[in-house]
Structures are given as structure tokens and as C-alpha cells.
Amino acid sequence: MSPSNLFKPLLLLALAAVSGLGGGPARAAGEAEPGAGSPDRVALWPDGLAPGDKLLQEPMRLVERSADPALPDRYVTHVSEPWLVVYRPHRPNGTALLVIPGGGYQRVVLDKEGSALVPAFVEQGGVTLFVLRYRLPGEGRDDREAALADAQRALRLIRHRASEWGVDPRRVGTIGFSAGGHLAARLGNGFDQIVHPATDAIDGESARPDFQLLVYPVIDMAGPDAHPGSRDRLLGPHATPELQQRYSMQTQVRADTPPTFLLHAADDDAVPVGNSLMMFDRLRRAGVDAELHVFPHGGHGFGIRGTAGLTTAAWPRLALDWIAAQAVEAAP
């Protein structure tokens, strides 16, 4: 059974909070209208559930944290059947971004690091966004690789159906925020890691992103810059030093890690800027093309909305220009 059938009443309640907005903002905020002419939801796996997984005992929970219907701030937990929400531009430029929101591996935020990207990236940038609702560790499953399996599957699915969405299969990248940045880095470093059995032709596609953007990402799991919440949720509260090192993404960088755009605020007191600095250093030493932007102010979790009056507000334009440069460099 698909998430849309199983949890439709919850979604309708959430969408009621954003009804009455104008056409453009409503598409950006609501799950049901991700963009003109596009499917609103795409299941990742053929039968809804990933191979070998089972429905969680607790149903999916969708929570709205904002009192302002013009600025929804929802998150979801207890995802049994992961899916994508597709935001399609009227004039696609051929570039696709798999968006991996954060939430400390405890929740998946839907708007601050998902639907709020639509005006800059979809409507102005012409990029097709695929926002991932992935399975979380510690919710009735003892599988820290479930989220990586969902990210691999999502990237392969986008590439497999690229022509349907007006996407160039050689221009499929990722953008991950906070703990979602950790998951994006896991995909970039471990795109060929076998974490689930092949199920169909989609799994024959490459899961390697053509490029990746890591925004205030969780990278380190072992040192003083580690984010304890993300580490404990993913690895458990008593993870060995060896396990912490294995999931510290700077230690997993390889020569074929995708070109990387890193973005952080120097005053981030939740996920310190040292995470991006050490990732940039390892990428540079591995010979991977990388670009790093550190802004003085912004804190953590600023996304698109939390940059008013700050130089940090320039980041979407910088990101789009960098993405365009990757397409030029990859051209034959």
C-alpha cells in the first residue's frame, strides 16, 4: 500500500493549513501540488516497502510546527514506505537535484529544506527537484543503512525515468542539509556500497551523483565537532571508535567522490563549521573538485528562509551558478 493511501487523512489535515495561498506559494508548500504537470508522489520501491523491510508498528506522523500558514514548517517521522515529492519547472533545464532534508536522523523536515527551495531552484533556476522522505534509524528497525538504501534507490529512480521528467541522466546531483548532508555524503562516498538486494531494472542504474551540495552538513562522527544527536540516532549511544570513524564522512572520501559544493555559517553552534572545513580538506587531498563557502552569520538550519539581511542570502545563486558550471565541465 502506498503512503498516499495509507496516510491520506493526515496529509489532508496538513494541506488544509496551507490552503488559500496563491498558486505559486501553494505549490511550493503543499505535498499535493508539487508542480504543474508532475506527479505529486513517487514511491521508491515496487511494493512500497524496501526489500526485507516491514511496516512500522506506529503509523507515519506528520507534524506542523508553524503557526503561520504562509510559512509551513512540517516534519515527518515513522516512514515505512519512503517516497519522493517531485517539483517540476515549466521550463526544465535538464538538471535534477535529489534533495535530502535534515532532522538529526530523528525526523525528516519537509519545508525549510524542501518545499522552500522551489522559488529559487525550480521557478527561477529551472531545476527539477526530487525531495526524499527517507526511513529513519531507530524506529523499530535496527538498520543504519536503510536511509542510504533509500538515497541510492532515489538517485537510480531519477536516472531511470529521466526522460519522463525532462532530465539529463548525466546531470543528476544531490543537495543535503545537516544530517541530510551526512546522508548525501554517504551516498557520494558509498554510491556503490551494496545495502539492499537488486529488485528490478532501476537497480541496474548507477547511484553515483554527478555532483553534490552539502549545506551545513554533519560530517564527523568521532571528534569534538560531531553532532551528538545525529551520531547517537544513527550509531547508538555506545558506538565504538571504529564505528564512529567508519561513519565520519571525511574518512570515506575517494578519488571518484562527486564534485562537491560546501556551505556553512561560521557561527553554527549545532553543527560546527569544522565539519565542512575537514570535508573540504579531504576532498582537496583526494583530488576531488570542491568549492567551499563560509559565511560569518546564519547559525544552523537557515535553509532559504533564515537568511534575511545576511550575506548568507546569496547562497542559492552561488549554488545554481556552481551547478551550471558542472554541466559545462561535463559537456563532451
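Ser178 sits in the loop between β8 (172-177) and α6, where helices (H or I, at least four residues) and strands (E, at least two) are DSSP runs, numbered from the N terminus. The phi angle of Ser178 is near 55 degrees, a positive value in a residue other than glycine. Ser178 counts as buried because its relative accessibility is 8%; buried means under 20% relative accessible area, exposed over 50%, and partly exposed in between (1.4 Å probe, protein chains only).

A word on the basis: this is a predicted model, in which local features need pLDDT of at least 70 and side-chain atom pairs count only at pLDDT 80 or more, while totals for chains, interfaces and linings use all residues. Residues are numbered from 1 along each chain as its sequence is written, and side-chain values use heavy atoms, with hydrogens and water left out.

- Tyr216 lies in the loop between β9 (212-215) and α7 (228-235).
- Its phi is near 35 degrees, again a positive value in a residue other than glycine.
- With 0% relative accessibility, Tyr216 counts as buried.

**The helix pair α5 and α6**

- The axes of α5 (residues 146-160) and α6 (residues 179-189) come within 10 Å and cross at roughly 65 degrees; axes here are lines fitted to C-alpha atoms, for helices over the stretch in contact, with angles running from 0 to 180 degrees between N-to-C directions.
- That angle is why α5 is roughly perpendicular to α6 (under 35 degrees counts as roughly parallel, over 145 as roughly antiparallel, 65 to 115 as roughly perpendicular and the rest as oblique).
- The crossing of the two helices is right-handed, meaning that the near helix is turned clockwise from the far one by less than a right angle.
- On the α5 side, Ala147, Leu148, Ala151, Gln152 and Leu155 meet Leu183, Arg186 and Leu187 of α6; contact means heavy atoms within 4.5 Å.
- Sorted by class, this contact has six nonpolar, one polar and one charged residues (Ala, Val, Leu, Ile, Met, Phe, Trp, Tyr, Cys and Pro count as nonpolar, Asp, Glu, Lys and Arg as charged, and the others, Gly among them, as polar).

- Thr260 belongs to strand β10 (residues 260-265) and counts as buried at 0% relative accessibility.
- The side chains of Thr260 and Gln212 are joined by a polar contact of 2.9 Å (a pair of N or O atoms within 3.5 Å; within protein, one must be able to donate a hydrogen and the other to accept it, and residues adjacent in sequence count only if both atoms are side-chain atoms).
- The Thr260 side chain also reaches the backbone oxygen of Pro258, at 2.8 Å.
- Beyond its neighbours within four places in sequence, Thr260 is in contact with residues including Leu214, Asp289 and Trp322.
- Phe261, also in β10, counts as buried at 0% relative accessibility.

**Strand β11: His293**

- His293 is part of strand β11 (residues 290-295) and, at 18% relative accessibility, counts as buried.
- A polar contact of 2.7 Å links the side chains of His293 and Glu291.
- Not counting residues up to four places away in sequence, His293 touches Phe261, Leu262, Leu263, His264 and Leu318.

**The chain as a whole**

- The protein chain has ten helices and eleven strands.
- Of its 332 residues, 56% are buried.
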